[in-house]
Amino acid sequence: MNDQTITATSGDDDSKASPDVRPMSDDVSGTTAHPVIEDVAPRRIHDFGDLVHAVSAVLLAAVAILSSIYLSGFVTGVESDAHSAGRALNWMVDLPTSMLQQLTIVTIAVMAIVQLLVGREWLQSALALLAMFGGLATVWGISMAVSTFGNFTFITALSSPSSIIGTGLLPDFYAGSAALLTVAGPRRTRSTVKWGWNILYISSAILILLSINSVTGVIVSLSVGRLVGMLIRFAAGTKNQGAWGEDLVQALNGIGLHITSLKRRMDVDLSHGSLASTLDDDLVEGSRLYDAVDDWGRAFVVSALDSQARTAGYVKQLWQWVRFTGVAMRRDRSPREATQHHMAMILGLRNAGLPTPKIYGVADTGETSILVLHGDDIMHECNLNTLSDKDAIALLRFLSVANKRGYTHRRITPDTLARLESGTPIIAGWQNGDDASAAPNIALDQVQLLLLLAVLIGPERAVTAGRDVLGDDTMISLTPFIQKAAVPAGTRALPGWNKHIVDDMRAEMRALAPQETAEAMEPVSLSRFSPRSFIGMVLLIVAVVVIFTQLKPDEVISAVKNANPVMAIVCLIFELIALLGSALELGAFIERDKRNPLGIFMSQVAQGFAMVSMPAGVGPAFVNLQFLRKSGYRNTTATAIMSAVMAVYYGGTVLMLFVIGIFTGSDALSSMIPTNTLIVIVGIVLMALAVAMMIPPIRHYATDRLLPLVKAYARQLIDVLTNPKELSFSVLGMLILNVATGLEFWAALLAFGQMTNPLETLFIFLVANAIGSAVPTPGGLGGVEAALTFSFGAAGVPAGIALSATLLYRALFYWLRIPLGALSMRWLDKHNLI
C-alpha cells in the first residue's frame, strides 16, 4: 500500500484559543470539530517478531528430531499410547487417508483465501498461496535430501508407517497448510485462520492416532511450514495494526485532550531502524512521534508505540535478561505494559526531586499504547566531546539520587546523556529501568555510568568524580563489578573505547583499597556467557557426549554381574579409602583456620565429575584450585598449594615405582614403555620455548610480565614444600591414595578368581595407569582401559579376566564417580566452596 497523507482542516482558522478560556464548540462532548491531521496511512512493515517465530520453528523441529533419535523409547511409548487410545477410531481406517489430507488442506485454503479476497487483501492472498507452495516444495526437498543422504538414523526419526523413501518421507500437507495460515493470519483478527489452525490440529491428531503419521514427522512438517510462512511474511511485510490519524485523536479525547492539530514527525522513524529513539519522548524505542495542539493552545508530544514495533524492544529486553545473571532485568511484553511502566518511572523520579520530562498521561487503543508529554519541556542531546568534570559529577549525583530511592536505569549508554534547557546534564531513557531495585542492580547502574565517563574523560577523572559523589567505600565495593560484561554496546561503540579501559578503571579503583582487600577481590558473575561459564558449559557437553558415546553398558553390566559380590564391595571400600587419602594429601597444606574436613572430602569426590570432562590430572587440579580460592586463598597461594599437591603426587608415584621395582624386580612392562618418548616430548617443548624467546616482543613480555609472576609463584611453592609437618601428612595421603587405588584393582582381579602378587599388581597398575592417563581424553578414557588390559595380559593374566577386571575397576572408579561427583559439585556450590 502506498503511503498517503491524511489531511483535515479546521472550519475556522482565524479563531485561536486562549490558554485560559476554552473555545466554544458545537460538539456536545466538547471536542473541536475537524482537527488538522497530518499522518501517514498504515503501510506494510517488517515485523521483527516474524523472525523470532521463524527461529522458534527451527528449534521446535530440532528438538523433535533429537528427541526421536536419543529418546526413541519415550517417543515410541507416546505414540504407542496414542495408538491404543485411537482404537476407537478403527472405523476410519478403511477411509482413504489421502482423501482426508486433501480435504483438510483444500478446506483450509478455501476458507482463508476467500476471507482475504472479500477483505480486498489481494497481495496477502497471493502471498498466502505462494507460501503454501513454498511449504510443500520445502518438505519435498527435505525429504529427498534426507533420503538421498541415506542416514538411517535420520530416516528412521522422520519416517512414519505411511512414509515412502524419497519425496514422501515427510507428510507435506501439514507444511503447506501451516505456511498458508501463517501468511493469511494473524488468527486473532481472522476467524477463518483461527478455524483453519483448529482443523489442522484435529486432522494431525486423528492421523497420529490411526498410525498414519508419526509425532516427529508431523511436528517437523508443521515447523517447516511455519518457518516458510514467517520468512515470506517478514520479507513482504505485514499491515500495521496500530492506531493512526483519527483513531489517535479519539484516543487522546478519552484522556481529556481535545486535539485541534496532530502532525506526524516524518523524519524520526522513517529514516531510522525499528529501535530508533529520540529524547523528545525519553528514548522510547520504535515509537511514532506526533506534535499535537489542543483547544487550549497547549503543545504536546505524542508517542505512539505499536505492538509490532514493540517486539524488537521486547527481544532486546529478553536478551538482557538471559545475558545477565544475579541482576534483575525488566521484560515488558506488551506496549501497554511498557508505556505505563515508563510513565510510573518518570513520575517517581520527579517525585524524588529530579528534573524529568513532564508527563500528561497515557492512552491505549487497539494495539497501540500512547504516551503524552508536555511539549514545552524539551531535552537536548549532550555533546560528549565537551563533557567536563562538573558534568560528570552532576550525572553521578543525578544517578545517586535515583538509586537512593530504589530507581535503577539498567541501560546507561551515550544516548541517555542529555541536557536541559539550562544546560544541566541529566540521564534520560528510563523505560527499561525499575523501582525497588536490589543492590546488584544499583551497582551495575553506577558501574555503567563510571565506565561511560571513563571512555569520555578518562579513567582517572572518572574515578575522581566517583569518589566525590559516591565516596571511597562505595567505589571500592564497585570494583568487582568493573568488567566488560557490564559495558553496554553503545559505550563500546564510542571512538574512545578500547579493551584496556576496563583494566585501567579496575586498577584505579583497586588502588583505593588496602592491598590485602584488593588482592582478595574477585569479579562478580554478571554474564551468563562469560568465558568461565562457557568453559563450564563446554565441559558439561563433553561429559554428556563421552557418557553416551563411550559407555558400553552391556559390557560393564556383564562384568559387574559376573564379579564376586564380596570382592566388589572390597573394591568400593578401597575406593573410599583412596578418596580419604586424596583429601589428606590436599588438606595437609591448608591452614587450620581455613580447613573444612567435609568440604575437602567433597571436593575430592567432585573430581570424579571433572575427570569426565577433562584429561586425567587436569580435572583434579582444576577442582582443587577452585576449592582453595573459595577457601580464602589468593590466586598465587592457591596455585602454589595446588602445584605442591601435584608435585607430591607425581613425585611420590615415581619414587614408589622405583622402590617397588627394586624390591619386586618386576620387568613385565619394560617392553611396553616407548623408547625416547619422554625426551622427544620435552625436546619439542624446549625447542618451541627457545624459538619463542628469539622473538623480541615475546621475550620482553616474558621477562617483564611473566617472570615476576613465576618468581612469586616459585617462592610460594617453596614455602609450602619446606614445611616438614605439612609435607609429611601430604606424602602420607599420597601413599594411601596410590596404595588403595592399586589394591582396588587387585581386588577387582580377585573378583574374577585371579590371584596375583599385591606388590607386583600395584607396580603394574601404577605404570599402566600413568601410561593410559597420558592419552588426551576425558579421564584417560580408552587409554587407561587399553593399557590396563594389555599390561596385565602381558604379565600373565588371562585376557578375558584382565578385561573384566578393568571394566569392573573403571565402573567403580570412573563411571560411578560421575553422578557422585555431580552431587558433590552441587553441595560445594550450595556452600560456596567451588
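How many helices and strands does the chain have? The chain has 32 helices and twelve strands, where helices (H or I, at least four residues) and strands (E, at least two) are DSSP runs numbered from the N terminus. The structure is a predicted model, in which local features need pLDDT of at least 70 and side-chain atom pairs count only at pLDDT 80 or more, while totals for chains, interfaces and linings use all residues. Residues are numbered from 1 along each chain as its sequence is written, and side-chain values use heavy atoms, with hydrogens and water left out.

Of the 834 residues in the chain, 47% are buried; this term means under 20% relative accessible area, with exposed set at over 50% and partly exposed in between (1.4 Å probe, protein chains only). Contacts (heavy atoms within 4.5 Å) were considered between residues at least 6 apart in sequence, and 76% of these join residues at least 24 apart.

Ser-400 belongs to helix 13, which spans residues 389-404. Its relative accessible area is 10%, so Ser-400 is classed as buried. When residues up to four places away in sequence are not counted, Ser-400 touches Val-469 and Leu-470. Val-447 is placed in helix 14, residues 439-457. With a relative accessible area of 0%, Val-447 is likewise buried. The contacts of Val-447, again without residues up to four places away in sequence, are Leu-478, Phe-481, Ile-482 and Ala-486. Between the C-alpha atoms of Val-447 and Thr-479 there is a separation of 8.6 Å, although the two residues are 32 residues apart along the chain.

Two further helix residues are partly exposed. Val-215 is part of helix 8, residues 215-236. Val-215 counts as partly exposed because its relative accessibility is 22%. The C-alpha atom of Val-215 is separated by 9.8 Å from that of Ala-157, a residue 58 residues apart from Val-215 along the chain. Ala-786 lies in helix 30, which covers residues 783-794. The relative accessibility of Ala-786 is 45%, and Ala-786 therefore counts as partly exposed. Ala-786 and Leu-803 are 17 residues apart in sequence, and their C-alpha atoms are 8.7 Å apart in space.

Positive phi values in residues other than glycine were found at Arg-410 and at Ala-436. For Arg-410, phi is near 80°. Arg-410 is located in the loop between helix 13 and strand 11 (417-419). A relative accessible area of 5% means that Arg-410 is buried. For Ala-436, phi is near 50°. The loop that holds Ala-436 runs between strand 12 (425-427) and helix 14. Ala-436 counts as exposed because its relative accessibility is 73%.

Aromatic residues were examined next. A pair of aromatic rings is described by the distance of the centres and the angle of the planes. Nine aromatic pairs were found in a search of the whole structure; rings of Phe, Tyr and Trp (its six-membered ring) pair if their centres lie within 6.5 Å, with planes under 30 degrees apart counted as stacked, over 60 as edge-to-face and the rest as tilted. The rings of Tyr-649 and Tyr-650 have centres 5.1 Å apart and planes at 80°, so this pair is edge-to-face. Tyr-649 is partly exposed, its relative accessible area being 25%. Tyr-650 also counts as partly exposed, at 42% relative accessibility. One aromatic cluster is formed by Phe-745, Phe-765, Phe-792 and Tyr-809.

On a 1 Å grid over the protein atoms alone, a cavity is a set of points where a 1.4 Å probe fits but cannot get out, and lining residues have an atom within 4 Å of a point. Grid points are joined across faces, edges and corners, and a volume is the space filled by probe spheres set on the points. The second largest cavity holds about 80 Å³ of space. Residues that line the second largest cavity include Leu-279, Asp-280, Asp-282, Val-301, Pro-357 and His-374. By class, this lining has six nonpolar, two polar and three charged residues (Ala, Val, Leu, Ile, Met, Phe, Trp, Tyr, Cys and Pro count as nonpolar, Asp, Glu, Lys and Arg as charged, and the others, Gly among them, as polar).

Definitions and conventions
On a 1 Å grid over the protein atoms alone, a cavity is a set of points where a 1.4 Å probe fits but cannot get out, and a pocket is an open set with protein on both sides within 12 Å along at least five of seven lines; lining residues have an atom within 4 Å of a point.
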